[in-house]
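Let's take a walk through a protein together, one step at a time. Have a look at the picture below, then read on.

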Amino acid sequence: MKRLKPLINCLLLGAIALLIGAMIWQQAQRQQSVRLDYDNPTPSPSTHLSPELGQSKTAEVIDVHDGDTIKVSLNGRQERIRFCGIDAPELAQPGGTASRDHLRSLIAAADNRVMFMETDKDRYGRTVAEVFLPASQPGDEETFLNYEQVKSGDAYVYTQYVKSCPNGWALPQGEAEAKQARSGVWANSQAMKPWDYRRANR
């Protein structure tokens, strides 16, 4: 029996080493998978753009101000939400009203209910967030409104802020599709970007 103890100990240590090695390999594979998804921001049926579980809030939209700002009612109080990572034309700009109306129609089709995940507060006190339409049926996916606005050409990617959005990696792909189709703001290559318009009109 004494002779077997060293052998048993060796076998146990070997099994533990194999288990630890397998766990390290699985973790590395998961990290590589996430890195590959991030570096290849092409939304596909297997790419689920969604709010992080437990961090989103559901609210009723009471006003769509423009193509990237809404007002919601949440727990009896009103809150203004600025969409993270995008910038829509101002209402006085060409395309501004169309951008607002596009967003308004998407939200109306979901009975004016949205889910949002706060990422920041801006200097005006607005909540900066990723905004989603809830899934219409169990098993369906949420609709990422920030992405829908750039994909339709109703907003630009706000490059300097897009990195603060958890699903921001998808926005440049949506914008590329709008550019290629010359949709919305991309129908006029000379259109002034909203951030330049605001600077010129201060």
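Is Asp-111 buried or exposed? Asp-111 is exposed, with a relative accessible area of 64%. Here, buried means under 20% relative accessible area, exposed means over 50%, and partly exposed lies in between (1.4 Å probe, protein chains only). You can find Asp-111 in the loop between helix 2 and strand 5. Its phi is near 55°, a positive value in a residue other than glycine. Asn-75 also has a positive phi, of about 55°, although it is not a glycine. Asn-75 sits in the loop between strand 2 and strand 3, and is exposed at a relative accessible area of 75%.

Before going further, a word on where this comes from. This is a predicted model, in which local features need pLDDT of at least 70 and side-chain atom pairs count only at pLDDT 80 or more, while totals for chains, interfaces and linings use all residues. Residues are numbered from 1 along each chain as its sequence is written, and side-chain values use heavy atoms, with hydrogens and water left out.

Now for the overall plan. The chain contains 5 helices and 8 strands; these are DSSP runs numbered from the N terminus (helices are H or I with at least four residues, strands are E with at least two). The chain has 202 residues, and 33% of them are buried. Among contacts (heavy atoms within 4.5 Å) with a separation of 6 or more, 62% are between residues 24 or more positions apart.

Let's go inside. In soluble globular proteins, nonpolar side chains tend to be buried together. A nonpolar core is a set of buried Ala, Val, Leu, Ile, Met, Phe, Trp, Tyr and Cys residues joined through side-chain atoms within 4.5 Å. The largest one here has 29 residues, and Ile-70, Ile-107 and Val-114 have the most contacts inside it. Elements giving two or more residues to this core include strand 1 (57-66), strand 2 (69-74), helix 2 (96-108) and helix 3 (145-151). Strand 6 supplies the largest share, 4 residues.

In one of them, Arg-77 pairs with Glu-79, with the closest N and O atoms 2.9 Å apart. Arg-77 is partly exposed at 42%, whereas Glu-79 is buried at 7% relative accessibility. In another, Arg-82 meets Asp-87 at 3.2 Å between the closest N and O atoms. Arg-82 is buried at 9% relative accessibility, and Asp-87 is buried at 0%.

Which parts does the salt bridge between Arg-198 and Glu-90 tie together? The two side chains meet at 2.8 Å, N to O. Arg-198 lies in helix 5 (residues 194-200) and Glu-90 in the loop between strand 4 (86-87) and helix 2, so the pair ties together parts that are 108 residues apart in sequence. Step back and you see a network of salt bridges linking Asp-68, Arg-82, Asp-87, Glu-90 and Arg-198.

The loop between strand 4 and helix 2 also holds Gln-93. Gln-93 is buried, with a relative accessible area of 8%. Not counting residues up to four places away in sequence, Gln-93 touches Met-192, Lys-193, Pro-194 and Tyr-197.

Finally, look for the pockets. On a 1 Å grid over the protein atoms alone, a pocket is an open set of points where a 1.4 Å probe fits, with protein on both sides within 12 Å along at least five of seven lines; lining residues have an atom within 4 Å of a point. Grid points are joined across faces, edges and corners, and a volume is the space filled by probe spheres set on the points. The largest pocket has a volume of about 630 Å³. Of its 26 lining residues, Arg-82, Arg-126, Tyr-158, Tyr-161 and Arg-198 are the closest to its centre. Helix 5 gives the largest share of this lining, 3 residues. The second largest pocket has a volume of about 170 Å³, and Pro-94 and Ala-191 are among the residues closest to its centre.

Notes: A salt bridge is a side-chain nitrogen of Lys or Arg within 4 Å of a carboxyl oxygen of Asp or Glu.
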